[in-house]
Amino acid sequence: MTEPDEPIEVSSPVCYAQEFEDYNRPAPLPAAELAGFLNVLLESERAGARVLARWCHEAGPDAGVGADTLAAVRDDEARYCAGLTEHLTRLGAEPSHVTGRFYDKAMTIAAWPDRLRFLDKGQSWVAREIRDKLPRIEDTALKAFLQEMLERHEHNLKLCAV
Ligand SMILES: [Fe+2]
């Protein structure tokens with residue numbers, strides 16, 4: 001029997017809060033799934049870089065966005081190709097050499113407002129995918145890289161908005 005002056009042990013609400021947080025934390029992406037995700041991004045960025053390399057030379061007054069802006073976005077896409085390749089290699093995965101289907105589809109579009117709308121669709125998809133997967137990525141360096149990539153895509157989406 002408990003003596004009246006014996007302290008009663010209770011669980012701290014802070015402990016419960018930690019357990020609740022751990023329980024609700026999304027499961028980290030398994031290595032194979034993470035490599036697959038990074039390779040899909042790599043293929044998409046490669047497609048984006050190739051598309052913009054073409055389009056920045058074809059941008060006239062009707063483009064709605066300057067050739068310099070398109071060239072800057074192309075450079076960002078190329079930088080993310082290099083970064084994704086580095087992270088995949090560091091994580092022991094094979095970087096894909098495929099160019100995403102975005103490139104072939106983009107090459108069928110001749111009119112400028114339609115080109116920018118298609119670019120917006122592709123860049124928005126990349127941003128959405130990163131936003132969705134970020135909570136499941138634990139590697140600190142990769143997380144920081146993808147966060148910067150997400151913010152840059154959001155910035156470029158505004159630059160190329162039609
Ligand atoms: Fe992109």
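In this predicted model, tyrosine 80 is buried, and its relative accessible area is 0%. That value lies under the 20% below which a residue counts as buried. The partner of tyrosine 80 is phenylalanine 145, and the two form an aromatic pair that is edge-to-face, with 5.9 Å from centre to centre and 75° between the planes. Because tyrosine 80 belongs to helix H3 (residues 67-90) while phenylalanine 145 belongs to helix H6, the pair ties together parts of the chain that are 65 residues apart in sequence. Phenylalanine 145 also counts as buried, at a relative accessibility of 15%.

The structure holds three aromatic pairs, and another of them brings together tryptophan 55 and tryptophan 112, whose ring centres are 5.9 Å apart and whose planes stand at 70°, so that this pair, too, is described as edge-to-face. The reasoning rests on the angle, because planes over 60 degrees apart count as edge-to-face. Here again distant parts of the chain are linked, since tryptophan 55 sits in helix H2 (residues 31-58) and tryptophan 112 in helix H5, 57 residues apart. Both tryptophan 55 and tryptophan 112 are buried.

Over the ring of tryptophan 112 sits the charged end of arginine 115, 4.9 Å from the ring's centre. A further arrangement of this kind involves arginine 50, whose charged end is placed over the ring of tyrosine 103 at 4.0 Å from its centre.

Helix H2 is also where serine 44 is found. Is serine 44 buried or exposed? With a relative accessible area of 18%, serine 44 is buried, because the cut-off for that word is under 20%. If residues up to four places away in sequence are not counted, serine 44 touches Glu77, Trp125 and Val126.

The last stop is arginine 136, which is found in the loop between helix H5 (112-133) and helix H6 (140-159). Its relative accessible area is 24%, so arginine 136 is partly exposed, a term for values that fall between the 20% limit for buried and the 50% limit for exposed. Which residues does arginine 136 contact, leaving aside its neighbours within four places in sequence? They are Pro26, Ala27, Pro28, Leu29, Pro30 and Glu33.

Methods. Residues numbered from 1 in each chain as written. Predicted model: local features only at pLDDT ≥ 70, side-chain atom pairs only at ≥ 80, totals over all residues. Heavy atoms only, no water. Helix = DSSP H or I, 4+ residues; strand = E, 2+ residues; numbered from the N terminus. Buried < 20%, exposed > 50% of the residue type's maximum accessible area, 1.4 Å probe, protein only. Contact = heavy atoms within 4.5 Å. Phe/Tyr/Trp six-rings, centres within 6.5 Å; stacked < 30°, edge-to-face > 60°. Lys NZ or Arg CZ within 6 Å of the ring centre and 35° of its normal.
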